Amino acid sequence: LIEKGEPQIPGEVAKDRIMALMAEEGIHLPEHEQDALRLMAYNQAEGTIVDPGSIVGLEQMIHMQVGPYTVRGKLDLAEVYPELGTAKVRDYKTSLSIPSQDDIEHAAKGYQLKFYACLLLWGVPEGESFGLGEGINEVEAELVFPRYTRDDGSLVGRTLFLARHDLTDFMDTLRLHLDQLEERWQTGDFPAQTDHHGVHVSHT
């Protein structure tokens with residue numbers, strides 16, 4: 001899509017590509033799971049329209065300094081529009097359940113989207129020496145659920161529109177949480193939790 005400068009991939013092409021990729025990797029799944037993958041590939045292709053020139057990251061690992069901590073996370077799809085001072089981050093979810101907009105605005109899923117927005121604004125792609133967020137004042141952060149489409153064919157998603165100053169406040173909150181995490185690590189009061197989002201933290 002990026003190499004050819006096209007804004008959209010045909011759904012049937014995406015379905016064929018996902019099956020070919022599974023064959024190349026020697027992945028074997030039950031038929032119902034293959035059907036689910038084909039459906040999501042088709043929906044994602046048909047429901048995603050982008051400006052190829054705006055894409056700055058696909059499955060891009062980003063690292064960001066938060067005080068003495070180095071935080072890393074992966075952005076599924078990141079787009080920037082410097083002339084508008086805006087950017088967009090999309091995180092694709094294969095889950096069956098869809099959180100409400102209220103959950104996105106006030107619960108853990110919203111925290112995740114704010115974190116991804118901060119990665120775009122202040123993070124640096126691995127292997128690079130410069131960031132992606134210069135001149136960006138607002139980030140549209142979206143969780144996308146390719147299992148589901150609306151009547152018009154667009155993908156079901158949940159979105160937050162986040163201003164730079166709001167994300168600056170969130171960075172202060174993130175620093176506080178990392179300090180608390182560090183304290184628990186040092187004292188041993190650190191209950192085990194599963195990492196669901198590929199986010200890693202190290203102290204430097």
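Which residues in α1 are buried? In α1, the buried residues are Gly11, Ala14 and Met22, where buried means under 20% relative accessible area and exposed over 50%, with partly exposed in between (1.4 Å probe, protein chains only). This is a predicted model, in which local features need pLDDT of at least 70, side-chain atom pairs count only at pLDDT 80 or more, and totals for chains, interfaces and linings use all residues. Residues are numbered from 1 along each chain as its sequence is written, and side-chain values use heavy atoms, with hydrogens and water left out.

**Helix α1**

- Helices (H or I, at least four residues) and strands (E, at least two) are DSSP runs, numbered from the N terminus.
- The end C-alpha atoms of α1 (residues 11-25) are 21 Å apart, which agrees with the 21 Å that its 15 residues should span at 1.5 Å a residue; the expected span is 1.5 Å times one less than the number of residues.
- Asp16, Ala23 and Glu24 are exposed on the other side of α1.
- Just after α1, Gly26 has a positive phi of about 70°.

**Nonpolar cores**

- A nonpolar core is a set of buried Ala, Val, Leu, Ile, Met, Phe, Trp, Tyr and Cys residues joined through side-chain atoms within 4.5 Å.
- The largest nonpolar core has 32 residues, and Met64, Leu75, Phe115, Val139 and Leu174 have the most contacts inside it.
- Helix α4 gives the largest share of this core, eight residues.
- Another core, of six residues, lies apart from it and includes Leu77, Tyr92, Val144 and Leu155.
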